[in-house]
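Subject: Structure handover

Hello,

Here is the structure for you to look at. My notes on the ligand site and on some helix packing follow below it.

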Amino acid sequence: MRTLLRCEDLSVRFNVRGGVIDAVSNVNLTVNRGECLGVLGESGSGKSQCFLAVMGLLSRNGSASGSVWFDGREILNAPRKELDRIRGRSIAMVFQDAMSGLTPFMRIGDQLTEVLVEHMGISEQDARKRSVEVLEILQLPQPRRRLRMYPYELSGGMRQRAMIALALLCKPELIIADEPTTALDATIQAQVLEFLGGLKRRTDTSIVIITHDFGVALELCDRVMVMYAGRVVECGLIGDIVSRPQHPYTQALFQATLGIDADPESDIPTIPGQAPDLQRLATGCAFAPRCSQAIPRCHQSRPELKKSFDGHMAACFVEQRR
Ligand SMILES: Nc1ncnc2c1ncn2[C@@H]1O[C@H](COP(=O)(O)OP(=O)(O)OP(=O)(O)O)[C@@H](O)[C@H]1O
Ligand SMILES: [Mg+2]
């Protein structure tokens, strides 16, 4: 399988008053062509920032280090112009917050056609036609009417689908979808997942899907990486992650998703204990203070990510059943 995206030692740091926040630390990952990688982890674990860094879209107080290769080219340090071209055509991101991916005071139709005219060089008329097609594929009711609307006139779910349409228009090689279904109701959520799955099968498009939801990962992903406090703590095939998770954090996340004590009001699973303070991480494993299996060593040094079995890696000192 050919690698499309590769991150090596990718770190993201933010300057804040009173110090720095290491939001992402030394992440290594690959996404092959036609593959779907899931990125799981609690709120604040660095999922979004990792991929915003890939896109060159960090906030001003943030900076990234390491390297990012897309289709054999280093893009983290690429000139702005080259990055804009790759970003517009080859990689598309569906943002977590649908509003931030759309221009508020521009009609949906104009936003969609502008992308096509600018990046694909097709005529305005053909661009309109293709925009309607994509909205139809995403089952947005009355697509022609929607094109005349502004983002604030659409419901959250429709806005989300308009943004997915925007991402799909140029037929990108890689789609990075950040919680693409969180704002949607169950039926539409299922449609969007089915659509993404179909796209991957039919067109060899690679997908990164960032989610809190093991169910979403199960449906769509070939492989999964689990993040905690900015680091990858486990990665492997989805089947192995589910049937024999090696890291106590992955186990806890899984239990929280399925568990009886999960909060029915919230989509987001909660794990007992305090989320880590990224400005004050202790020397050992960042999860140790919340880990029911921690041994003294876990508080003294940080376990590196290492092979547990074929195709599977975890960063934990405690031996698990394999
Ligand atoms: N501009 C910023 N300045 C300082 N810290 C930031 C900035 N943007 C993000 N962070 C911090 O970086 C950390 C990682 O954030 P990130 O958005 O990647 O989390 P996430 O895993 O995507 O969470 P969620 O599931 O809630 O979206 C968080 O602690 C966040 O507060
Ligand atoms: Mg996020």
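Which atom of ligand 1 lies 2.8 Å from a polar side-chain atom of Ser-48? It is an oxygen atom of ligand 1. Please keep in mind that this is a predicted model.

Ligand site

Two further side chains make polar approaches to the ligand. Asn-61 places a polar side-chain atom 2.9 Å from a nitrogen atom of ligand 1. In the side chain of His-212, an N or O atom is 3.1 Å from an oxygen atom of ligand 1. On its own, ligand 1 has 640 Å² of accessible area, and the protein covers 74% of that.

The elements that contribute two or more residues to the shell around ligand 1 are β1 (3-16), β2 (19-32) and α1 (47-55). Of these, α1 gives the most, with 3 residues. In total, 17 residues surround ligand 1. Sorted by class, the shell holds 10 polar, 5 nonpolar and 2 charged residues.

Helix packing

Two packed helices are described by the angle between their axes and the distance between the axes. I have two pairs to report, and α4 belongs to both.

Helix α4 (residues 108-120) packs against helix α5 (residues 124-137) at an angle of about 120°, and their axes are 9 Å apart. Angles of 65 to 115 degrees would count as roughly perpendicular and those over 145 as roughly antiparallel, so α4 and α5 are oblique to each other. Their crossing is right-handed.

The partner in the second pair is helix α7 (residues 156-168), which packs with α4 at about 15°, with the axes 9 Å apart. Angles under 35 degrees count as roughly parallel, and α4 and α7 are therefore roughly parallel to each other. This crossing, too, is right-handed.

Regards

Methods:
Residues numbered from 1 in each chain as written. Chains lettered and ligands numbered in written order. Predicted model: local features only at pLDDT ≥ 70, side-chain atom pairs only at ≥ 80, totals over all residues. Heavy atoms only, no water. Near = heavy atom within 4 Å. Polar contact = N/O pair within 3.5 Å; in protein donor to acceptor, adjacent residues only side chain to side chain. Areas by Shrake-Rupley, 256 points an atom, 1.4 Å probe, with all protein chains shown as cover. Helix = DSSP H or I, 4+ residues; strand = E, 2+ residues; numbered from the N terminus. Nonpolar A, V, L, I, M, F, W, Y, C, P; charged D, E, K, R; others polar. Axes fitted to C-alpha atoms, helices over the stretch in contact; angles between N-to-C directions. Left-handed = near helix turned anticlockwise from the far one by under 90°.
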